[in-house]
Amino acid sequence: MSLFAVSLSRVQPSATIAVTQKARQLKAEGRDVIGLGAGEPDFDTPENIKEAAIDAIRRGETKYTDVTGIPELKKAIAAKFARENNLTYAPEQCYVAPGGKPIIYNAMMATLNPGDEVIIPAPYWVSYPDIVNLAGGTPVIVEATAEHGFKLQADVLEAAITPKTKWLIFNSPSNPTGAAYTREELKPLTDVLLRHPHVWVLTDDMYEHLTYGNFTFVTPAEVEPQLYDRTLTMNGVSKAYAMTGWRIGYCAGPAALISAMAKIQSQSTSNPTSISQWAAVEALNGPQDYIAQSNAVFVRRRDMVVDMLNAAEGIQCATPEGAFYVYPSCAGCIGKTTKSGVTLQSDEDFATALLEEEGVAVVHGAAFGLSPFFRISYATSDENLREACTRIQRFCANLS
Ligand SMILES: Cc1ncc(COP(=O)(O)O)c(C=O)c1O
């Protein structure tokens, strides 16, 4: 009898974590490696948020809390949704978890039965299909192609819906492409969903605050209020406030779904860390100027990276609306041979050879379900990015 559960065989280890580990290992061996794999801001958590956590410790806010979060945080979440997204949620409809990832996990665990299908547009965040598999559902991958700016088209969504479809997982701005939907781009999708009342929407708005220029963020239940009763709107403090290590994600949705998810959380992690919850209250209720400051840095980096990548032979890179990723095509490099004699047959070969020959760690597109591309996270210093892009240009120039 095997020690391990059958469900484990349905899950892959995270490719993004694997790349980060490989880069770390090469660095430890003394190699000069620039890691562009990590999906977290390189900034420190703002001082006011840290102070709120320290105050919470001093006040003795160090005990178990309600499983789904302290009332003060639920109130701050409801106020955030009203203020920024025109969505009205009662605090009881709000739910806090130890990160955004457990929200997706708990929602899938609470709702999926064998055979239930979950539509996931590719390229997707690596965890979506694995979470669906682990929860016993069936991921249905649909392509959001480069020709359409990596945005799902209404006819593609319509064709993927079956009587077994339970959820659409929607993510804007996207990890890995940075693509974000305008109201005009989202409306045709919500129109399709209106015609299929059995399909629920999990919208992962984790990168809401990371959009650039005049872009206006919108979320499905805001664009189509008739979807409110079957939408789980998810967000978190990890990316917007440089709080990845604090582990706080939040969401709001129909009360029955929220209480089903609470049941799962009550028998797994219990409440998210009390101290982090108080920090998140300050993040949501406190001054928001940190967001504009960090976005000014991110947009400058995005523009530099896009320009430098487009100057590399065989690489084509679109300018995304948000997040801190770009998703360039390496189609022009496939079939060519590197200076050390490796023929590149896939984006995985491209990423492996780039790491071996130039010490630049990127994540290959196949990990996100759309090839031949690779993902660069520009949440690292300007110097690192400039050097990494120079190396990519050299790597491409040396292909024959
Ligand atoms: C699209 C997306 N959703 C959710 C998460 C998870 O965030 P958290 O660190 O809060 O679990 C990430 C993190 O990389 C992400 O990129």
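# Briefing: pockets, salt bridges, cysteines and aromatic pairs

Cys 251 is buried, its relative accessible area being 0%. The model described here is predicted. A search of the whole structure returns zero disulfides, while the counts come to 19 salt bridges and 18 aromatic pairs. The largest pocket holds about 690 Å³ of space, and the second largest pocket holds about 390 Å³.

## Cysteines

- The search for disulfides, run over the whole structure, finds zero. Cys 251 accordingly belongs to no disulfide, and the nearest cysteine sulfur, that of Cys 94, lies 8.1 Å away. A disulfide requires the two sulfur atoms to be within 2.5 Å.
- Cys 317 is likewise in no disulfide; its nearest cysteine sulfur belongs to Cys 389, at 8.8 Å. With a relative accessibility of 8%, Cys 317 counts as buried.

## Largest pocket

- The space in the largest pocket amounts to about 690 Å³. Its lining consists of 28 residues, of which Gly 39, Lys 101, Trp 125, Lys 239 and Thr 244 are the closest to the centre.
- Three helices each contribute at least two residues to the lining of the largest pocket: helix 1 (15-28), helix 4 (100-111) and helix 5 (127-134). Helix 1 supplies the largest share, namely five residues.
- Classified by residue type, the lining of the largest pocket comprises 12 polar, nine nonpolar and seven charged residues.

## Second largest pocket

- About 390 Å³ of space lies in the second largest pocket. Its lining has 19 residues, and those closest to the centre are Val 11, Gln 12, Val 126, Ser 127 and Asp 130.
- Helix 4 and helix 5 each provide at least two residues of the lining of the second largest pocket. The largest share, five residues, comes from helix 5.
- In the lining of the second largest pocket, 11 residues are nonpolar, six are polar and two are charged.

## Salt bridges

- Side chains of opposite charge can pair when their charged atoms come close. In this model the count of such salt bridges is 19.
- One of the salt bridges joins the side chains of Glu 356 and Lys 22, with an N to O distance of 3.8 Å. Glu 356 belongs to helix 12 (residues 347-358) and Lys 22 to helix 1, so the pair ties together parts that are 334 residues apart in sequence.
- Both partners of that pair are described by their accessibility: Glu 356 is partly exposed at a relative accessible area of 40%, and Lys 22 is partly exposed at 32%.
- Arg 301 forms a salt bridge with Asp 42, and the closest N and O atoms are 3.0 Å apart. This pair links distant parts of the chain, with Arg 301 in helix 11 (residues 289-310) and Asp 42 in the loop between strand 1 (34-35) and helix 2 (47-59), 259 residues apart.
- Arg 301 counts as buried at 4% relative accessibility, whereas Asp 42 is partly exposed with a relative accessible area of 36%.
- Arg 301 and Asp 42 also belong to a network of salt bridges that links them with Arg 300 and Asp 382.
- A further salt bridge is formed by the side chains of Arg 391 and Glu 387, at 2.8 Å from N to O. These residues both lie in helix 13 (residues 382-397), four residues apart, about one turn of the helix.
- Within this pair, Arg 391 is buried, with a relative accessible area of 5%, whereas Glu 387 counts as partly exposed at 36% relative accessibility.

## Aromatic pairs

- The count of aromatic pairs comes to 18. Among them is the pair of Phe 81 and Tyr 250, whose ring centres are 5.8 Å apart and whose planes stand at 70°, so the pair is edge-to-face. Planes over 60 degrees apart fall in that class.
- Phe 81 lies in helix 3 (residues 71-85) and Tyr 250 in strand 8 (residues 249-252); the pair links distant parts of the chain, 169 residues apart. Both Phe 81 and Tyr 250 are buried.
- A cluster connected by ring pairs contains Phe 43, Tyr 207, Phe 298, Phe 324, Tyr 325 and Tyr 378.

Key. Residues numbered from 1 in each chain as written. Predicted model: local features only at pLDDT ≥ 70, side-chain atom pairs only at ≥ 80, totals over all residues. Heavy atoms only, no water. 1 Å grid on protein atoms, 1.4 Å probe; cavity = no way out; pocket = protein on both sides within 12 Å on 5 of 7 lines; lining within 4 Å. Points joined across faces, edges and corners; volume = space filled by probe spheres on them. Nonpolar A, V, L, I, M, F, W, Y, C, P; charged D, E, K, R; others polar. Salt bridge = Lys/Arg side-chain N within 4 Å of Asp/Glu carboxyl O. Buried < 20%, exposed > 50% of the residue type's maximum accessible area, 1.4 Å probe, protein only. Phe/Tyr/Trp six-rings, centres within 6.5 Å; stacked < 30°, edge-to-face > 60°.
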